[in-house]
Amino acid sequence: MPNPLMYQQDNFVVLETNQPEQFMTLSELLEKLKTTLQQLKIQDLPPDLQKINTVEGQAQHLLDTTCELDLGPGQYLEWYAVRLEK
């Protein structure tokens, strides 16, 4: 039986264009995604996000379904769940 710790997503490493990697908690990453989404035009969002009415819903959808957000040519935002304990 797999250990439930394998499926916990409490901490993330976040990679951004021209930034050092950052470690964030789930709530910090959700805030980061919401802030980033608010800065983008609706037509620049992927079609699945355009169908979601709230920024909170869009951020949660990203967290649940993918690990990256295309911010335009040469820019990126990626996040990966990590376990910080041994």
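Which residue in β2 is the bridge partner of V14? The close-ups below get to that, starting with the sheet as a whole.

This is a predicted model, so to speak of local features we need pLDDT of at least 70, and side-chain atom pairs count only at pLDDT 80 or more, while totals for chains, interfaces and linings use all residues. Residues are numbered from 1 along each chain as its sequence is written, and side-chain values use heavy atoms, with hydrogens and water left out.

**View 1. Four strands make an open, antiparallel sheet.** Read across the sheet, the order is β2-β1-β4-β3. Strands here are DSSP runs of E, at least two residues long, and helices are runs of H or I, at least four, all numbered from the N terminus. Two strands pair if DSSP finds at least two bridges between them. On the edges sit β2 (22–25) and β3 (68–70), each pairing on one side only. From one strand to the next, the twist averages 25°.

**View 2. β1 meets β2.** Strand β1 (residues 11–16) pairs with β2 in the antiparallel sense, over four bridges. Here is the partner from the opening: V14 is bridged to Q22 in β2.

**View 3. Helix α1 packs on the sheet.** This helix (residues 26–39) touches β1, β2, β3 and β4 (76–82), and its direction makes about 105° with that of β2. Touching, or contact, means heavy atoms within 4.5 Å. Axes are lines fitted to C-alpha atoms, for helices over the stretch in contact, and angles run from 0 to 180 degrees between N-to-C directions.

**View 4. E16 is a buried residue in strand β1.** Its relative accessible area is 17%. The E16 side chain makes a polar contact with the K32 side chain, at 2.9 Å; such a contact is a pair of N or O atoms within 3.5 Å, and within protein one must be able to donate a hydrogen and the other to accept it, with sequence-adjacent residues counting only if both atoms are side-chain atoms. Leaving aside neighbours within four places in sequence, E16 is in contact with Q22, K32, Y76 and L77.

Key:
Buried means under 20% relative accessible area, exposed over 50%, partly exposed in between (1.4 Å probe, protein chains only).
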